Amino acid sequence: AFEIFILKVNFVSPSFLFTASFLICLCSSVAISEYWGFYYLNIETSRIIVTSIILFVIVEEFVRLLSVLFKKVPDSNKKFYYIYNKEIPLPTSILYFSILISFIGLLWSGYYIYGYVRSGDWVSMMAEYKDVVNQDAKSFGSGRILLNQLMKISTVINYIFIFVFNYNSVNLVLSKKKRRLFFFSFLFFLLFRFFLSGGRQGVFYFLVAFLTCYYILSTYNVSRERMRKVNYRFIKMFIVILCIVLPLFYFMGRMAGRKESDFILEASMAYLSSGIFGFENIVKDHYTSTYWGEISFPNLFSIFKFLGVMPQSSEPISFLPFFEHGNTVSILGRWYWDFGPLGTYVMVSITSCLYSLLYYFGIQNSRRLIHRNILVIIYCVIVYVLYFAGYDDLFMNIISLNYFLIFFFIVVVYYLFIPQFCVRVTKMQK
């Protein structure tokens, strides 16, 4: 049975990630229920979670079947195809440039943090800094705005680097010197991201993007035997990374001022299960919104006001301080708060449809190589929403002008710096 699972499963498909995220968070909530003071979820919460998972899978399967039906094959005489390419020759100067801007951003972020940690305890000062970042970032002034733009540039470059690194690694054409430069670029970018935000989430978003990109490029149009080997390798990689990430997650939380359990495993399970119990609170206490979408779409409120859809006096609610243990509510919580059960199912269907269209039409069954490469990068940028679906609603992050700008710059930078090399179509890779 396990062998069949290994042959059939796609570890980075939208429905697998969405379902696995909720299962992991639910298991964590059961294991640590005493910590939260909850010993069971009410029937309404359980029903919405189960129905949402089933609905997500059904919508994805429908889109997948459509993508196979409309799949364009370049030669009807061949059943399988493997796109083979030589190395993507990325100039070394771009790697040095990436390291430089991330290093500048890191020092600049340190300057702001210094204003909070130059006196007193590091943990409490970092907690204060993060609260200001979350709730009153404007107090940092115009310098913070410039720093955020620098982060956008660094984000675009390093996510493209994820693709180039994995592409060349999969094809075994990455030199040791380039590998070291990529490593330093990723390292300085992650440090910059950690200290700019005062939180650890961005670091893990990047790590899951890296894993996803590796998996997609390793399994594109491969044989069943190779798929089995890649899946086994992916499981081993995931376990190794998990063993590294759990202690890293704990100590980064302490550095960021989080007051957590003294035990790494307990702190991790409390983190993962917080979204389930936050959602439970919303359902149990019947939270409702005053204005349409004020909880689910805070990043679009300025547009809503400009269009006259929302009153000028209305304000979005991006941070939920209602829960003493945190403000995470799973991906379903904000939708339920704004739209109720039916609206939640509609949003789940829309999310599944969008991710499935991107994954199956744009990546898995696409024959336009250049477009597919760009869409792989974009999918990796936003896939963290599915990895953390059981934890919090991160979909609201990507429905924003910032992310649309990031997508636009990914396309521009890709076409400017990635050569349009020749493509050769051969039989499926063995």
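Reader: Which residues form one aromatic cluster here?

Author: The cluster holds Tyr 159, Phe 161, Phe 165, Phe 182, Phe 186, Phe 189, Phe 206 and Phe 210. Rings of Phe, Tyr and Trp (its six-membered ring) pair if their centres lie within 6.5 Å; planes under 30 degrees apart are stacked, over 60 edge-to-face, and the rest tilted. Across the whole structure, the search turns up 34 aromatic pairs.

Reader: What makes the pair of Tyr 355 and Tyr 379 edge-to-face?

Author: Their ring centres are 6.3 Å apart and their planes sit at 70°, so edge-to-face it is. Tyr 355 belongs to helix 13 (residues 330–364) and Tyr 379 to helix 14 (residues 369–382), so the pair ties together parts 24 residues apart in sequence. Helices here are DSSP runs (H or I, at least four residues), numbered from the N terminus.

Reader: Before we go on, what sort of model is this?

Author: It's a predicted model: local features need pLDDT of at least 70, side-chain atom pairs count only at pLDDT 80 or more, and totals for chains, interfaces and linings use all residues. Residues are numbered from 1 along each chain as its sequence is written, and side-chain values use heavy atoms, leaving out hydrogens and water.

Reader: Why is Tyr 379 called buried?

Author: Buried means under 20% relative accessible area, exposed over 50%, partly exposed in between (1.4 Å probe, protein chains only). Tyr 379 comes in at 0%, so it counts as buried. Tyr 355 has 2%, so it is buried too.

Reader: What about Phe 388 and Tyr 391: what are their ring distance and plane angle?

Author: Centres 6.3 Å apart and planes at 65°, so that pair is edge-to-face. Both Phe 388 and Tyr 391 are buried.

Reader: Why is Ser 98 called buried?

Author: Ser 98 has a relative accessible area of 0%, so it gets the label. You'll find Ser 98 in helix 5 (residues 92–117).

Reader: What makes its link to the side chain of Ser 185 a polar contact?

Author: A polar contact is a pair of N or O atoms within 3.5 Å; within protein, one must be able to donate a hydrogen and the other to accept it, and residues adjacent in sequence count only if both atoms are side-chain atoms. The side chains of Ser 98 and Ser 185 make theirs at 2.7 Å. Beyond four places in sequence, Ser 98 is in contact (heavy atoms within 4.5 Å) with Ile 157, Asn 158, Phe 161 and Ser 185.

How values were computed:
Helices (H or I, at least four residues) and strands (E, at least two) are DSSP runs, numbered from the N terminus.
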